[in-house]
Amino acid sequence: MAVVIDKLGEPRPRHPEKQNRPETPLLRKPDWLRVRAPGSPGYAATREIVKTHRLVTVCEEAACPNIGECWDKSHATFMILGEVCTRACAFCNVATGKPDALDPDEPARVGDAVAKMGLKHVVITSVDRDDLTDGGAGQFVGVIRAIRAASPGTTVEILTPDFMRKPLSAVEAVIDARPDVFNHNLETVPRLYLSIRPGARYYNSLRLLERVKERDPTQFTKSGVMVGLGESKEEVMQVMDDMRSAGVDFITIGQYLQPTRKHAAIDRFVHPDEFRGLEEIARAKGFLMVSASPLTRSSHHAGEDFARLQAARTAKDGRTKDAAA
């Protein structure tokens, strides 16, 4: 479990908006959610590159349970636009507060790190920056360009904020930078938004994903939801339908894990058999790719999944041509 007060450096509240909340129950994790503590040579090497380039990773900030496995393979999800978010989602471990000014050197440092790590596929995410006129869209564009310049063979996946109340031109600029995968997570079902994701709006997020396909139909789109927050199976199925209506290619479904007792409580731990059932339903609804398991996260196995996503589209296109012949 992460702590509410960050003890690194000068003590500061990590989640000031949550400190006065009552503590939520802490459920014991089942065996299928237990992972080995990180500490391999590969993990240490990745950590050193991240520190040397003064980069922030969502792997650390969000207390991802897969950090040991991913960093051992030199896979890291870089978090741009600083480490402080302007939102206060009930599920998230990223610090909330007033962010620092943008770092103009950040795109170059990310590009250099990607090249040094020899990444074939990289995931770039960010905090929400409601304080910025463009929501941080320009920094996403700069990072994509820097990676392409420093490591031309690397495919780029972005996991963006919702750019709510930002100019349409900001979103279009990110789409036009042509990331290989445009990911934005819906996170949960519409009924739970006010308690779990109060600063966001479900249909605004859905519309963002739809806009990507409208502007560039060839761009892969991806979105994810957490389960174990109190949603019903029928509600998750409706989210799947909404995603398909917006043209989403790839859905991820994972177990919600409570960062601290001050965060939203876990309603239940979903059994792996239920995840397999959800995966079958999602495939039947027409997604090109589905990743559904207790430890599934947006960027977990992202490189391997991207290769499968490309293969699935090629196979689908081939079947379409055969049917038309």
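Which ring does the charged end of Arg-244 sit over? Select Arg-244 and Phe-287 to see. The charged end of Arg-244 is placed over the ring of Phe-287, 5.5 Å from the ring centre. Keep in mind throughout that this is a predicted model.

**Stop 1: the whole chain**

Zoom out and colour by secondary structure. The chain holds 11 helices and 11 strands. Now colour by accessibility. Of the 325 residues, 53% are buried. Turn on contacts next. Take those between residues at least 6 apart in sequence: 76% of them join residues at least 24 apart.

**Stop 2: around Phe-287**

Return to Phe-287 and show its neighbours. Leaving aside residues up to four places away in sequence, Phe-287 touches Met-240, Met-243, Arg-244, Val-248, Asp-249, Phe-250, Ile-251 and Ala-282. Arg-244, from the opening view, is on that list.

Phe-287 is among the residues with the most contacts inside the largest nonpolar core, which has 39 residues.

In soluble globular proteins, nonpolar side chains tend to be buried together.

Move to another core. This second one is separate and has 32 residues, including Met-79, Val-110, Ala-113 and Leu-119.

**Stop 3: Asp-249 and Lys-213**

Asp-249 also touches Phe-287. Select Asp-249 with Lys-213. Their side chains meet in a salt bridge, at 2.8 Å from N to O. Asp-249 sits in the loop between H9 and S10, while Lys-213 is in helix H8, 36 residues apart. Are these two residues buried or exposed? Both Asp-249 and Lys-213 are buried.

**Stop 4: aromatic pairs**

Show the rings. The structure holds 4 aromatic pairs. Start with Phe-140 and Phe-163. Their ring centres are 6.5 Å apart and their planes stand at 75 degrees, so this pair is edge-to-face. Phe-140 belongs to helix H5 (residues 137-150). Phe-163 is in the loop between strand S7 (155-159) and helix H6 (168-176), 23 residues away. Phe-140 counts as buried, at 1% relative accessibility. Phe-163 is buried too, with a relative accessible area of 5%.

Next, select Phe-220 and Phe-306. This pair is also edge-to-face, with 6.0 Å between centres and 90 degrees between planes. Phe-220 is in strand S9 and Phe-306 in helix H11 (residues 302-324), so the pair ties together parts 86 residues apart in sequence. Check accessibility again. Phe-220 has a relative accessible area of 5% and is buried. Phe-306 is buried at 7%.

The charged end of Arg-313 sits over the Phe-220 ring, 3.8 Å from its centre.

Then pick out Tyr-193, Tyr-202 and Tyr-203. Ring pairs link these three into a cluster.

**Stop 5: salt bridges**

Side chains of opposite charge can pair when their charged atoms come close. A search of the whole structure finds 21 salt bridges.

Select Asp-128 and Arg-87. They form a salt bridge, with the closest N and O atoms 3.8 Å apart. Asp-128 is in the loop between strand S6 (121-126) and H5; Arg-87 is in the loop between strand S4 (84-85) and S5, 41 residues apart. Both Asp-128 and Arg-87 are buried.

A polar atom of the Thr-96 side chain lies 2.9 Å from the backbone oxygen of Arg-87. Thr-96 is in strand S5 (residues 95-96). Thr-96 is buried, with a relative accessible area of 14%.

Go to helix H10 for Asp-273 and Arg-276. Their side chains meet in a salt bridge, 2.1 Å from N to O. The two residues are 3 apart in helix H10, so about one helical turn separates them. Asp-273 is partly exposed, with 46% relative accessible area. Arg-276 counts as partly exposed, at 46% relative accessibility.

Note on methods
Residues are numbered from 1 along each chain as its sequence is written. This is a predicted model: local features need pLDDT of at least 70, side-chain atom pairs count only at pLDDT 80 or more; totals for chains, interfaces and linings use all residues. Side-chain values use heavy atoms; hydrogens and water are left out. A nonpolar core is a set of buried Ala, Val, Leu, Ile, Met, Phe, Trp, Tyr and Cys residues joined through side-chain atoms within 4.5 Å. Buried means under 20% relative accessible area, exposed over 50%, partly exposed in between (1.4 Å probe, protein chains only). Contact means heavy atoms within 4.5 Å. Rings of Phe, Tyr and Trp (its six-membered ring) pair if their centres lie within 6.5 Å; planes under 30 degrees apart count as stacked, over 60 as edge-to-face and the rest as tilted. Helices (H or I, at least four residues) and strands (E, at least two) are DSSP runs, numbered from the N terminus. A charge sits over a ring if NZ of Lys or CZ of Arg is within 6 Å of the ring centre and within 35 degrees of the ring normal. A polar contact is a pair of N or O atoms within 3.5 Å; within protein, one must be able to donate a hydrogen and the other to accept it, and residues adjacent in sequence count only if both atoms are side-chain atoms. A salt bridge is a side-chain nitrogen of Lys or Arg within 4 Å of a carboxyl oxygen of Asp or Glu.
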